[in-house]
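Hi,

Here is the structure I promised to pass on.

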Amino acid sequence: MATGRTHRPATRSRGIPEATVARLPLYLRALTALSERSVPTVSSEELAAAAGVNSAKLRKDFSYLGSYGTRGVGYDVEYLVYQISRELGLTQDWPIVMVGIGNLGAALANYGGFASRGFRVAALIDADPAMVGKPVAGIPVQFIDDLEKIVEENGVSIGVIATPAGAAQQVCDRLVAAGVTSILNFAPTVLSVPDGVDVRKVDLSIELQILAFHEQRKAGEEPGAGGEAVLPPSPAASAVAGAPLRGAAATAAEERKGPDGDMPAVMPA
C-alpha cells in the first residue's frame, strides 16, 4: 500500500478550488451514511441537503471531479464514494504522528474514525518523561527527543499538534525540519510555516464564541449593550474548512478566509 510520503492527492494539479476540496469530506460523510444503508443512488438535492449545501453548489463541485450524474436517476453512491475518496487521497495509507498527549491529545488518539478514513496513527509523542511508555489507545507514548527519528522511520508527512500554545511553534518547526509537510494544529496559537507546508487550525474556543454571538442575536440583544464591547464573529473559524495556510507571511491573513462563507463541522462524525 502506498504511503503518504511518496504520494500526494491530485486535487491541486487538477485545478480543483480549495473551497470545493473543503466540501468534499462533507459529501463523503453523507455518501458513506447512504452506502451503509445500501442506498444505490441519490439525487443532487438529497445529497446537498444531507451535506448542508445547496444543490447548485454541489453540482458545480462534482463537475470538477468529472461526475455529472444521470438525469432522472441521480448519482451512483458507491462510485461517488470511491471517486471522492480517491480525490482526497484516502485510497492510500496516511501515517500520522500526534504530538502532545494531554487530555485533548489522548481524546484525539482514541478517536475511532481515523483508520476508516485512510489515516493510521503511527506514533504518539509527548515531552513528559512520565508519559513515555504508557499506552494510549493501544499505542505506547514516545519521548519528544525521538521525534525526528519517528517521522523518518514511519514515512510521516502529516503531523497533529495538541500541545499547549507555548510549545506549539517549536514542535511545528521540528516537524517541518523532519519532513512533515501538512500539520493539523489544535494548539490555540497561529503557527508560522515555510512555503510548501499546509496548516489547518482547529480552535474550539473560537467556534464556541461564534455560537455565543449567534445565540445573542437570536435572543434579540443589542451588540455592545450595557457599555460592553461585543466583537463580531471572527471569520477565523472558517479556516477549519478553508484554504490551507502556506508560509509565515500568509498564515495570519489566510486564517481569516473561509470557502464561500461555509462553516463545516470541526471534526467528522
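Predicted model: local features only at pLDDT ≥ 70, side-chain atom pairs only at ≥ 80, totals over all residues.

**Salt bridges and the rest**

E215 is partly exposed, with a relative accessible area of 46%; here buried means under 20% relative accessible area, exposed over 50% and partly exposed in between, with a 1.4 Å probe and protein chains only. Residues are numbered from 1 along each chain as its sequence is written, and side-chain values use heavy atoms, with hydrogens and water left out.

Back to E215, which makes a salt bridge with K218, the closest N and O atoms being 2.6 Å apart. By salt bridge I mean a side-chain nitrogen of Lys or Arg within 4 Å of a carboxyl oxygen of Asp or Glu. K218 counts as exposed, at 63% relative accessibility. Both residues sit in helix 9 (residues 204-218), 3 residues apart, or about one turn of the helix. Helices (H or I, at least four residues) and strands (E, at least two) are DSSP runs, numbered from the N terminus.

The count comes to 6 salt bridges. Another one joins the side chains of E45 and R59, at 3.6 Å from N to O. That pair links distant parts of the chain, with E45 in helix 2 (residues 44-51) and R59 in helix 3, 14 residues apart. E45 is partly exposed at 47% relative accessibility, and R59 is partly exposed at 36%. Then there is D203 with K201, where the closest N and O atoms are 3.6 Å apart. D203 counts as buried at 13% relative accessibility, and K201 counts as buried at 7%.

**Aromatic pairs**

There are 3 aromatic pairs, taking rings of Phe, Tyr and Trp (its six-membered ring) with centres within 6.5 Å, and calling planes under 30 degrees apart stacked, over 60 edge-to-face and the rest tilted. F62 and Y75 form an edge-to-face pair, 5.1 Å centre to centre with 85 degrees between the planes. This pair also links distant parts of the chain: F62 is in helix 3 (residues 55-65) and Y75 in strand 2 (residues 75-76), 13 residues apart. F62 is buried at 0% relative accessibility, and Y75 is buried at 6%. Y111 and F114 are edge-to-face too, because their ring centres are 5.0 Å apart and their planes are at 90 degrees. Y111 is partly exposed at 22% relative accessible area, whereas F114 is buried at 15%. Ring pairs also link Y27, F62 and Y75 into a cluster.

**Helix 7**

Which residues of helix 7 are buried? In this helix (residues 147-154), they are L147, I150 and V151. Seen down the helix axis, the buried residues fall within an arc of 100 degrees, so they line one face; the arc is that of the directions from the axis to the C-beta atoms. They pack against strand 3 (94-99), strand 4 (119-126), strand 6 (139-143) and helix 8 (165-178), with contact meaning heavy atoms within 4.5 Å. On the other side of helix 7, K149, E152 and E153 are exposed. G155 follows the helix, and its phi is positive, near 60 degrees.

**Overall**

The protein has 10 helices and 10 strands, and buried residues make up 45% of its 269 residues.

Cheers
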